[in-house]
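Hello,

Here is the structure I promised to hand over.

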There are 2 protein chains.
Amino acid sequence: MIDPGQKIWSNGAIARATGQHTMGVGFVASGKPRVVDMKALKVACQTCSLYELCLPLGLENKDLDELDRIVKRQRPLQRGNYLFHVGDPFKSVYAIRTGSVKTYTCNDEGDEQVTGFHLPGELVGLDAITSGRHPCAARALETTSLCEIPFSRLEELSSHIPGLQRQLLRLMSREILEEQNMMVWLGKKTAEQRLALLLLRIARNQHERHFSPYEFNLSMSRTDIGNYLGLAVETISRLFSRFQQDGILTVERKHVVIQDMDRLRQIAHPDDCPLDTGKVLC
Amino acid sequence: MIDPGQKIWSNGAIARATGQHTMGVGFVASGKPRVVDMKALKVACQTCSLYELCLPLGLENKDLDELDRIVKRQRPLQRGNYLFHVGDPFKSVYAIRTGSVKTYTCNDEGDEQVTGFHLPGELVGLDAITSGRHPCAARALETTSLCEIPFSRLEELSSHIPGLQRQLLRLMSREILEEQNMMVWLGKKTAEQRLALLLLRIARNQHERHFSPYEFNLSMSRTDIGNYLGLAVETISRLFSRFQQDGILTVERKHVVIQDMDRLRQIAHPDDCPLDTGKVLC
DNA sequence: CGCTCGGTTGAGCGGGATCAAGCCTTGTGG
DNA sequence: CCACAAGGCTTGATCCCGCTCAACCGAGCG
C-alpha cells in the first residue's frame with residue numbers, strides 16, 4: 001500500500017533543505033521527475049519543514065527570530081564525517097535537518113557499540129550536558145545537514161523565552177521516554193519484534209516529515225542495526241529474508257518497501273505496549 | 001571489606017530524614033546502637049544530605065530558599081503506595097529523599113513491565129513532560145519520603161535562576177545517559193553482567209549518600225529485578241546462588257553483602273565500558 | 001583484475017526461558 | 001497460640017531462540 005503522492009526519495013529532501021543552488025529531483029510514482037527550485041526555500045527555523053518536531057515548536061515569530069540567530073548552519077556533512085568524538089568538550093547540541101546520524105562508543109578492543117540512530121527533527125548531544133563531555137561519538141550515516149546550536153546560548157535564551165525552555169525540556173523528556181521504550185524492547189522482545197520496532201520508528205519519522213512511511217532507504221548497515229538492537233548481523237539478515245518471504249516487506253540492499261504495515265505493527269506490539277501512550281507509533 | 005564507620009542500615013537513614021519526632025537508631029559495627037536526635041535535623045534543601053545529587057547542587061543560599069519554598073513535603077509513603085498512576089496528568093516531579101520507587105506499565109493482560117528503579121537523589125516523573133501525562137505508574141518499594149516539586153513552578157523558577165535551570169537539564173541529561181547505558185547492557189550483556197550492574201548501581205548510590213557500598217537491603221523482589229533486567233525470576237535466583245558460591249557476595253533474602261567488589265566490577269565490565277566516562281561506577 | 005567489505009545462508013551449540021515441584025516466609029483468622 | 005493459605009524464592013529438567021563458526025556471493029574500488 002504505497003501512497004504515490006508521497007513517494008519521494010530522501011535525497012530529494014536533503015537537496016531541498018541544504019539551501020544550495022542545485023535543483024532537487026524527486027521521483028513521483030509515475031516516474032516523471034519533479035523539479036524543485038532551491039532558491040525559493042531559504043533555510044531558517046521559520047521555514048523549516050521540521051518545525052513541529054524540533055525546538056521552535058510553539059514559539060512566536062519574535063522568539064523564533066532570536067533562536068534562529070544563534071543557530072549555525074554549515075555545509076552538510078558527508079557520510080562518515082563526525083559531529084563530535086568521544087570525550088570532546090560539550091559545546092553544542094545538533095538538530096538533524098536531513099539525513100541521519102549514529103552515536104556510538106568504542107571499548108578498548110576498538111569494537112563499536114551503537115547507542116542510537118538519530119533521524120531528522122531529533123537533537124543529538126543531550127547526553128553530554130551532565131558531564132560536560134560527549135560520552136559517545138556521532139557520525140553521519142549519509143549526507144546530513146545539521147543545525148548547530150551552541151548550548152550556552154541556548155540555555156541563556158531559554159531562560160527568557162518560556163516556550164523555548166518548555167520545548168527543550170519536552171524534547172529531553174521525549175528522549176528519556178524513547179530510551180525507556182527501547183530498554184523494555186531490548187529486555188524482553190524477540191529479534192523479530194526488535195527489528196519490526198526499528199522499522200516502525202523509521203516509518204513514523206518519515207510520516208512525521210510528510211514522506212511516505214511505506215518506503216525508505218536504510219541509511220545504516222546491517223552490522224550497525226544488529227549492533228544497535230543487540231543482535232548478530234546474521235540474525236538481521238535472516239529476519240529481512242523472512243519478512244520478505246512472509247510478504248511483510250520487500251527489501252533490496254538498503255531499499256525497503258513495507259507491504260503490510262498492519263502485520264509489522266502486530267509483530268512489534270503483540271499485546272499493545274501501553275508505553276506508547278500519547279504517541280501514534282505510525 | 002566492610003567499612004565499619006559506614007555500616008548503617010537504610011532504615012536508619014529513613015528515620016533520620018523524615019523529620020518525624022522519633023529517634024533514629026543506627027548500628028555501628030561494634031553493635032552499639034547510635035542514637036540521633038531527629039528534632040535537630042529540620043528537613044530542607046539547605047540541610048538535606050542529598051544536596052550534591054539533587055536539584056539544589058550549585059545554588060546559592062538565596063536561590064536555595066526560593067526552591068525550598070515551592071517544594072512540598074508530605075508524610076512518607078508506605079510500601080506499595082502510589083506516587084502516580086498511568087495516564088495521570090503531569091503536575092509534579094518527585095525527588096526521592098529516602099527509600100526507593102519503581103516505575104512500571106501494565107499491558108492489557110495486566111502483567112507488569114518494570115521500567116525503572118529509582119533511588120534517593122533521583123527525580124521521578126521526567127518522562128511525562130513530553131505528553132503532559134504519566135506514561136508509567138510509580139509506587140514505593142519501601143517506606144519512602146519524597147519532595148514533590150510542582151513542575152510549572154519549577155519551570156518558572158528555573159527561568160530566573162540559571163543555576164537551577166542548568167541543574168535540571170543536567171539531571172535530565174544524566175537520566176538519558178543512564179538509560180543509554182541500560183539499553184546497551186540489556187542489548188548485549190549476559191544475565192550475570194546485568195545483575196552485577198544493577199548491584200553496582202545500588203552500591204554506587206549508597207556510596208554517594210555516604211553509606212557503605214558493601215552492604216544494603218534490596219527493596220525490590222526477585223520478580224521485579226527479573227522483570228526490569230529482562231530475565232526470568234529463576235535466572236535471578238540462580239545467579240544470586242552462584243555469586244554466593246563464588247564468594248562474590250552473601251545474600252540472605254533481601255540483605256546483600258558484597259564480599260568482592262573487584263570481582264563484581266570485573267563481571268560487569270569485562271573490557272571497561274567507556275560509556276561510564278566521567279562517572280566512577282562505585 | 002583481485003581485494004575488501006557488506007550481506008546471505010547453513011550447521012551446530014549454548015544460555016536462558018519454561019515447566020514443574022517443593023520450601024520458606026508472611027499474613028490472616030480462629 | 002496454631003492452622004492454613006498465598007505468595008516469594010529456590011532448584012532441577014528440558015527446550016528453543018539466537019549466537020558462533022564457516023562458506024559463499026556480489027558490489028565497489030584501487
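Let me start in chain B, where Val101(B) stands opposite His118(B) in strand 6 of chain B. Strand 5 (residues 101-106) of chain B and strand 6 of chain B run antiparallel, joined by six bridges. Strands are DSSP runs of E with at least two residues, helices are runs of H or I with at least four, and both are numbered from the N terminus; two strands pair if DSSP finds at least two bridges between them. Helix 6 (residues 222-229) of chain B packs on the sheet and touches both of these strands, contact being heavy atoms within 4.5 Å.

A word on conventions: this is a predicted model, where local features need pLDDT of at least 70, side-chain atom pairs count only at pLDDT 80 or more, and totals for chains, interfaces and linings use all residues. Residues are numbered from 1 along each chain as its sequence is written, chains are lettered from A and ligands numbered from 1 in the order written, and side-chain values use heavy atoms, without hydrogens and water.

Now to the DNA. Among the 17 residues around DNA strand C, those that come nearest include Ser241(A) and Ala191(B) (near means a heavy atom within 4 Å). The side chain of Ser241(A) has an N or O atom 2.5 Å from a phosphate oxygen of DNA strand C, while a polar backbone atom of Ala191(B) is 2.8 Å from a phosphate oxygen. Glu234(B) instead has a side-chain N or O atom 3.0 Å from a base nitrogen of DNA strand C.

Best wishes

How values were computed. Axes are lines fitted to C-alpha atoms, for helices over the stretch in contact, and angles run from 0 to 180 degrees between N-to-C directions. A polar contact is a pair of N or O atoms within 3.5 Å; within protein, one must be able to donate a hydrogen and the other to accept it, and residues adjacent in sequence count only if both atoms are side-chain atoms.
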